[in-house]
Amino acid sequence: MLLVRGHGGGTDLTGTVFERGEEPPSYKGTPDADAPYVWVCDSFYAVESGGSPIEVDGEEVRIAFESPMPQGFETKKQAVEAAKEHVVTQFVRIGVDSDTVDVEVESAEPTA
C-alpha cells in the first residue's frame, strides 16, 4: 500500500494506491477494482455556500466532496503518476497554485 500525500495552501490530502495482492475498498459501481494497482482518494471542489469549511492560505474556503471513484492501473508507475496528478488537481480546484503543491509517496503497512 502506498500513501500519496499532497500539501499546499496550509492543508493536505492523502489517498491510497493498493498494490498487487491487496484488497482495495469496493463501492457500488466501482470500475477497475480487479486491476493490479488501484488508486482511491476523495475528490472535492470549492463551493459558494454549503459544503465544509477549510482554511486555505489563511482564508476560509467551503468545499463539497464527490464520491470516491477507485481507478485501476496495470503498472505501479501508472498508478503513482495518476495519483500525483489527482492530488494536485484537487488543490487547484480549491484555488491553490499547482506550483506550490508538494506531493510525496510513502509505503504504508495495511491495517487490519
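In what order do the five strands of the open sheet run? The points below start there.

1. **Basis.** This is a predicted model, in which local features need pLDDT of at least 70, side-chain atom pairs count only at pLDDT 80 or more, and totals for chains, interfaces and linings use all residues. Numbering starts from 1 along each chain as its sequence is written, and side-chain values use heavy atoms, with hydrogens and water left out.

2. **Sheet.** The order is β7-β3-β2-β1-β8, with antiparallel pairing. Strands here are DSSP runs of E, at least two residues; helices are runs of H or I, at least four; both are numbered from the N terminus. Two strands pair if DSSP finds at least two bridges between them. The edges are β7 (71-73) and β8 (102-107), each pairing on one side only. From one strand to the next, the twist averages 25°. Angles run from 0 to 180 degrees between N-to-C directions, with axes as lines fitted to C-alpha atoms, for helices over the stretch in contact.

3. **Strand β1.** Seven bridges tie β1 to β2, and leucine 3 faces threonine 16 of β2. The β1-β2 hairpin has two residues between the strands, and its glycine 9 has a positive phi near 65°. Six bridges pair β1 with β8, again antiparallel. Glycine 6 has valine 103 in β8 as its bridge partner. Five of the seven residues of β1 are buried (buried: under 20% relative accessible area; exposed: over 50%; partly exposed: in between; 1.4 Å probe, protein chains only).

4. Strand β3 (residues 37-40) joins β7 through three bridges. Valine 38 is bridged to glycine 72 of β7.

5. **Helix.** Helix α1 (residues 76-93) lies across β1 (2-8), β2 (11-18), β3, β7 and β8, at about 25° to β1. Contact means heavy atoms within 4.5 Å.

6. **Aromatic pair.** Rings of Phe, Tyr and Trp (its six-membered ring) pair if their centres lie within 6.5 Å; planes under 30 degrees apart are stacked, over 60 edge-to-face, the rest tilted. The count is one pair. Phenylalanine 44 and phenylalanine 65 have ring centres 5.7 Å apart and planes at 65°, so they are edge-to-face. Phenylalanine 44 sits in β4 (residues 43-47) and phenylalanine 65 in β6 (residues 59-66), 21 residues apart. Phenylalanine 44 is buried at 6% relative accessible area; phenylalanine 65 is partly exposed at 47%.

7. **Aspartate 57.** Its phi is positive, near 50°, in a residue other than glycine. Aspartate 57 lies in the loop between β5 (52-56) and β6. Aspartate 57 is exposed, with 58% relative accessible area.
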